[in-house]
Amino acid sequence: MNASLSTSLRITEIFHSIQGESSSMGRPTTFVRLTGCPLRCQYCDTAYAFTGGEVMTMEAVVQRVSDFPARFVTVTGGEPLAQPGVRPLMAALCDRGYRVSLETSGAMDISGVDDRVTIVMDLKTPGSLEAHRNDYRNIERLRNSDEVKFVICDDRDYEWAKRKCEELRLGERVGEVLFSPSATELSAQALAEWILRDGLDVRMQIQLHKALWGDQPGR
């Protein structure tokens, strides 16, 4: 057996759904949700992935992904980069022809991620209560195929995110800058109106999977 395929990861769930966020929104996608996260964002909607899960070999994860028809795979968490085995897992999925995206916080080092993987990196706003965890060295590691997401809790978060877009020149660095309203704290309409008022060149998104199925795990 290939040594990399025998690597173990702790997995919360693997499921087939519609991608609800990012530039791939609406695509049928297989999600691989890893267990564990060092952050505790106050609005987190996947706290069930903090602990527990099932230990699986990388070979078993790849086999499970192949049971579904989707050619898009999203590796998420928790915080997937907290497990070292996630990098070879993503490379193995790319080798098998999948289009792979990684959902990660701005707190984890993104270096070493396979160049074929689209990184969707969440820069934590003050409203998350975890903004102090952002590792701004990651900005230099981003490529123009990657995406940066801000979850906006209120008008102060919005103004903070605007400033960060300018200071970090995100529009020049990445393919997409995503603004998303925190589902229980800010109306999508309010965020849309602010973006239009200020003429921002960002992609606004809502969580499509929640519009379809609510807060059900595995969706």
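## A tour from the pockets to the sheet edge

About 180 Å³ of space lies in the second largest pocket of this predicted model. To find that pocket, select S24, F72, V100, S101 and T118, which are the closest to its centre among the 15 residues that line it. Next, colour β4 (72-76), β5 and β6: each of these strands gives at least two residues to the lining of the second largest pocket. By residue type, this lining consists of 4 nonpolar, 8 polar and 3 charged residues.

Move on to the largest pocket, which holds about 890 Å³ of space. Select E21, D45, T46, K149 and Q207; of the 44 lining residues, these lie nearest the centre of the largest pocket. Then show β1 (8-18), β2 (28-34), β5 (99-105), β6 (118-122), β7, β8 and α7 (208-213), each of which supplies at least two residues of the lining. The largest share comes from β5, with 3 residues. In the lining of the largest pocket, 16 residues are nonpolar, 16 are polar and 12 are charged.

Now switch to a cartoon view and follow the strands. They form an open sheet of 9 strands with mixed pairing, in the order β3-β1-β2-β4-β5-β6-β7-β8-β9. Select β3 (54-57) and β9 (203-204) at the edges: each has a single partner strand, so one side of each is left without a neighbour in the sheet.

Strand β8 (residues 176-181) pairs with β9 in the parallel sense, over 2 bridges. Select L178 and, opposite that residue in β9, R203. Helix α4 (residues 155-167) comes next; this helix packs on the sheet, where it touches β7 (147-152) and β8, and its direction makes about 160° with that of β7. Then pick helix α6 (residues 188-198), which lies across β7, β8 and β9 and runs at about 140° to β8.

The last stop is a charged pair. Side chains of opposite charge can pair when their charged atoms come close. Over the whole structure, a search finds 21 salt bridges. One of them joins D95 and R116, whose closest N and O atoms are 2.9 Å apart. Which parts of the chain does this pair link? D95 sits in helix α2 (residues 86-95) and R116 in the loop between β5 and β6, so select both elements to see distant parts of the chain, 21 residues apart, brought into one view.

Definitions and conventions:
Residues numbered from 1 in each chain as written. Predicted model: local features only at pLDDT ≥ 70, side-chain atom pairs only at ≥ 80, totals over all residues. Heavy atoms only, no water. Pairing = 2+ DSSP bridges. Helix = DSSP H or I, 4+ residues; strand = E, 2+ residues; numbered from the N terminus. Contact = heavy atoms within 4.5 Å. Axes fitted to C-alpha atoms, helices over the stretch in contact; angles between N-to-C directions. 1 Å grid on protein atoms, 1.4 Å probe; cavity = no way out; pocket = protein on both sides within 12 Å on 5 of 7 lines; lining within 4 Å. Points joined across faces, edges and corners; volume = space filled by probe spheres on them. Nonpolar A, V, L, I, M, F, W, Y, C, P; charged D, E, K, R; others polar. Salt bridge = Lys/Arg side-chain N within 4 Å of Asp/Glu carboxyl O.
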